[in-house]
Amino acid sequence: MKLWQLAVLGTLLVIPLAVFAVLGIWALWQTGSLVWSWWIPPVFWGLGFLLARRWQARLYPAARNRIEPALHWTPQDEEAMKIVVRRQQAIDEVTPAQMTDPHFYLNIATELSLKIAQHYHPKTSDPVSSLTVVEILAAAHLALEDVERWAHRSLPASHMITVRQWRLLGRTPGWYRAARDVTWMASLYLNPANALRYLVTRFTMDPFSEELQTGVLGAFYSMFVRQVGYYCIEMNSGRLRGGADRYRAAMARLKPETASKPLPAHVDEDTSKKETREEDATVTVAVIGQVKAGKSSLINALLGENRAAVDVLPKTRDVQEYRLTWPDQQAELRLLDTAGYADAGASQEQLRAMYAAFERADLVLLVLDARSPAREPDRVVLETMQTWYRERKRLKPPPVVAVLTHIDGLSPVLEWSPPYDWVQPATPKAKSISEAAAYQIELFGERLDAVVPVCSDAAGDRVSGVNEELVPVMVTLLDQARASALLRTLHHEIRQERVRQLQNQALSVGRLILESARDFLSRELRR
Ligand SMILES: Nc1nc2c(ncn2[C@@H]2O[C@H](COP(=O)(O)OP(=O)(O)OP(=O)(O)O)[C@@H](O)[C@H]2O)c(=O)[nH]1
Ligand SMILES: [Mg+2]
């Protein structure tokens, strides 16, 4: 059946109803009942409006979520996110007609990518010039793929709506309002009391229809801005340099629930299982601290065996590596035992070793002797570490946990009957531990993610707080640490891939030259 035939049938169906409605209103007016029944439509429409608001919130939850920092993002990426947030918030300045114009979205994508590129390359006049063709294509591909999936899943009838109909949606409330105003004006001739009803419906129906319109269009707008912004950040931070497939595979290596947190999942679970390699899941924990702070002892306590060399004289010279598996968390940890720095601070050699550890660290345990008030070398090392990371914008600074050792040596020294409740201290020993922890927090403040007091004298069989308190804290930071491990692996892979590709290209060129030379020689010899 054609559209006009449907329209005719629809009209035939509606005419009697409309006639009855008009006659009914006329009869109500004649009998004087209209005076008390006029409120029925606004009340029901008002109810409809409230319900529509509620249901719509459920229909488009994604649109309500602003872009959020991903777990693997560096501070620079989080700053770039503010550009995207501002664009999303500018939704109030966008008209419905613009929201249905494909050119408008192209302009937004261009504007966002330029602004984000400028953020990453503030000193260049042409910030996009350093991007490769592959990464631009990967960003466009991933962003559009996500928006397409979202539209397919969350926009009703999105697989049938044409651009013409889409544009119509942008203009519908305008038409509706114009037609409604004309009808009302005409009705004022019949009954001047209609003016009141006009005002009532104006404040109920208008927001209702507008809410429906901006709900659908607004959801699409904010989703589009979010995905384009997200992948512009991924592109400018160099994570798309290896192409869309490599990026997707790397993201899938994060736990699926973590990978899907910032965005609707573009993670294929099958690939995630296939691609998981033991090395990628390994989280590197750098254990740093002053000489004799108890680093090696802490590692032994974590391993549950005496493997790291422990002594009263300075023992750990170079960086030693230990493996620790937590089957419950499906986590493989690489513990780096570093050489302790002296009161005077780290020597050049120690600094070099420490930088090498930072390069690999996904989590840092800063071991502090609770009995010693000399914190200056630790403060300097933490500051050095922060500066070191600030200069390497592509690395994510790892979380830092201060581990307060030797708590058994706090006053009263002779008392030792763990566990101690140092959060709500009741005994003198628990109070000493609590004060020592508060002192570190006061000293280092935001530089620390947590402070955990322990006794790590594994050699003296005095271990407390390691499995009970430190391990749970490390587990809560595990996702964050995994994300920075992933970032490191991804950049490493991209670098390796680039070298491999260059080698392959050089080989092909070499082969081409050889073949041309051979052809040339054989031609010359034949002459
Ligand atoms: N009483 C007590 N002794 C501890 C504790 N932790 C470590 N020790 C002892 O402190 C001494 C030094 O510990 P290590 O683990 O070797 O210290 P380190 O930081 O690795 O030292 P370097 O490798 O030389 O920098 C050892 O004798 C440990 O037995 C603790 O919590 N309480
Ligand atoms: Mg040691």
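This is a predicted model: local features need pLDDT of at least 70, side-chain atom pairs count only at pLDDT 80 or more; totals for chains, interfaces and linings use all residues.

Me: What makes β2 and β3 a pair of strands?

Reply: Pairing requires at least two bridges found by DSSP. Seven bridges join β2 (residues 320–326) to β3, and the two run antiparallel. β2 and β3 therefore meet the definition of a pair. Within this pairing, Q320 stands opposite D337.

Me: Why is β3 called largely enclosed?

Reply: A residue is buried when its relative accessible area is under 20%. In β3 (residues 331–337), seven of the seven residues are buried, so the strand is largely enclosed by the rest of the structure. A331, L333, L335 and D337 point one way, E332, R334 and L336 point the other way, and all are buried.

Me: In what sense do β1 and β3 pair, and over how many bridges?

Reply: β1 and β3 pair in the parallel sense, over six bridges.

Me: What makes β4 an enclosed strand?

Reply: Seven of the seven residues of β4 (residues 363–369) are buried, so this strand is largely enclosed by the rest of the structure. L363, L365, V367 and D369 point one way from β4, with V364, L366 and L368 pointing the other way, and all are buried.

Me: Which strands pair with β4?

Reply: β1 (residues 282–289) pairs with β4 in the parallel sense over five bridges. β5 (residues 400–405) is joined to β4 by six bridges, and these two strands also run parallel. L365 takes part in both pairings: V287 has L365 as its bridge partner in β4, and L365 stands opposite V401 in β5. From β4 the chain crosses through helix α17 (residues 376–391) to β5, a β-α-β crossover that is right-handed.

Me: What makes that crossover right-handed?

Reply: The term applies if, with the strands pointing away from the viewer, the path from the first strand over the helix to the second runs clockwise. The crossover from β4 through α17 to β5 is right-handed, so its path runs clockwise in that view.

Me: What makes a group of residues a nonpolar core, and which residues have the most contacts inside the largest one?

Reply: The members must be buried residues of the nonpolar kinds, joined through side-chain atoms within 4.5 Å. The largest such core has 47 residues, and those with the most contacts inside it are L112, I116, Y221, I233 and Y247. Helices α5 (75–89), α7 (102–120), α8 (133–154), α10 (194–236), α11 (244–253) and α20 (478–526) each supply at least two of its residues. The largest share, 13 residues, comes from α10. Another core, of 35 residues, lies apart from it and includes I288, L351, L368 and W416.

Me: Which residues does Y247 touch?

Reply: Leaving out residues up to four places away in sequence, Y247 touches H72, L142, Y230, Y231, E234, R239, L240 and L490. L142 is also one of the buried residues of α8.

Me: Why are K292 and H406 called partly exposed?

Reply: Partly exposed lies between the buried limit of 20% and the exposed limit of 50%. K292 has a relative accessible area of 30%, so it is partly exposed. H406, at 22%, is therefore partly exposed as well.

Me: Where are the cis peptide bonds from S411 to P412 and between P418 and P419?

Reply: The bond from S411 to P412 is cis, with omega near -10°, and P412 lies in the loop between β5 and α18 (428–444). The bond joining P418 and P419 is cis, with omega about 5°, and P419 is also in the loop between β5 and α18.

Technical notes
Residues are numbered from 1 along each chain as its sequence is written. Chains are lettered from A and ligands numbered from 1 in the order in which they are written. Side-chain values use heavy atoms; hydrogens and water are left out. Buried means under 20% relative accessible area, exposed over 50%, partly exposed in between (1.4 Å probe, protein chains only). Helices (H or I, at least four residues) and strands (E, at least two) are DSSP runs, numbered from the N terminus. Contact means heavy atoms within 4.5 Å.
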